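Work through the exercises below with the sequence and the model at hand. Each task is followed by its solution.

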Amino acid sequence: MWGIGATALATSLIGTIGTAAELGPDSLNPVATGAWRGAIGATGLLVLTTLRGQAPWRYRLPVRWVVLGAVGVAVSQLLFFEAMARTGVAVGTLVAIGVGPLAAGLMDWAAYRQRPDRHWLAGMVVAIVGVALLSGAAAEVVWSGVGLAVLAGCGIPCQGFAAQQLMRDRPLMTAMATVLSGGAVLMLPVTVTSVDTTLDSVASASTVLYLGLVTVMLAHSLWGAGLKRLTLSVAVVVGLLEPAVAATLAMTVLSEPVTVGLAVGICLVIAGVAVTSLSPVAGRSS
């Protein structure tokens, strides 16, 4: 249950991204914000692990896991925004978030021959139906955007799986710092070319600073604690709480209208995560 709690708290912090961006200045570019968010979060984890004597460079760096994690971070950060720009927020969010648990289940199955059980399947279906209600109806589907959303959705389980492999011989925060730093390096061109527009005011700088330190550094530290104790498929399903948290904040902080669909969607996501947590194979074996 500690793993479920840590992952749920991490997801709740990530769910504040939309509200923080909405309260921030309109001049912030979403893609540049994603790149800067990753860079600040990775830097924070590097500083923290260095102070603890657990810096990533003190351990061996398996190329395949570092590359898989880095690509997962960059893909999930950058392609998600492009997918939403092409096919809309509703479809882009639903596809990206819905694909994540499926990809994670397949990874667990392929790596550990651990077939999803009925609790995981039932919880995932209920939670995704809830996410569909939270996403709302879409007027148009652009298939290129759907394709990018699928890739973005696969990025999250890829970085989670890579972090789990790195945790075999190093502390969890070091593993997360390694994965996020690799992603920050891949996103460096976007970060460098957007310095003037992203850090042009105190409001912009404080927004990306919050997003980096809270929704990346702190949230991914908690997510790492969850990944160390849970199977990847269960951890990613718990991550479906993110749109529920985002919708709740939109209604309470941003004063967006409360609808029956949103209320039912939030309840279904919570119920789906609760059912998934009952899975007998939720915990990782040593």
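**Exercise 1.** State in which helix Ala 225 is found, and whether Ala 225 is buried or exposed.

Step 1. Ala 225 belongs to helix α11; helices are DSSP runs of H or I with at least four residues, numbered from the N terminus. Step 2. The relative accessible area of Ala 225 is 8%. Buried means under 20% and exposed over 50%, with partly exposed in between (1.4 Å probe, protein chains only), so Ala 225 is buried.

The model is predicted: local features need pLDDT of at least 70 and side-chain atom pairs pLDDT 80 or more, while totals for chains, interfaces and linings use all residues. Residues are numbered from 1 along each chain as its sequence is written, and side-chain values use heavy atoms, leaving out hydrogens and water.

**Exercise 2.** Find which residues Ala 225 touches, not counting residues up to four places away in sequence.

Step 1. Contact means heavy atoms within 4.5 Å. Step 2. Ala 225 then touches Trp 2, Ala 6 and Leu 172.

**Exercise 3.** Describe how the axes of helix α1 (residues 2-14) and helix α11 (residues 202-229) cross.

Step 1. The axes, lines fitted to C-alpha atoms over the stretch in contact, come within 8 Å and cross at roughly 160°. Step 2. Angles run from 0 to 180 degrees between N-to-C directions, and those over 145 count as roughly antiparallel; α1 and α11 are therefore roughly antiparallel to each other. Step 3. Residues of α1 that meet α11 include Trp 2, Ala 6 and Leu 13; among those of α11 are Leu 218, Leu 222 and Ala 225.

Note on methods: Helix = DSSP H or I, 4+ residues; strand = E, 2+ residues; numbered from the N terminus. Parallel < 35°, antiparallel > 145°, perpendicular 65-115°, else oblique.
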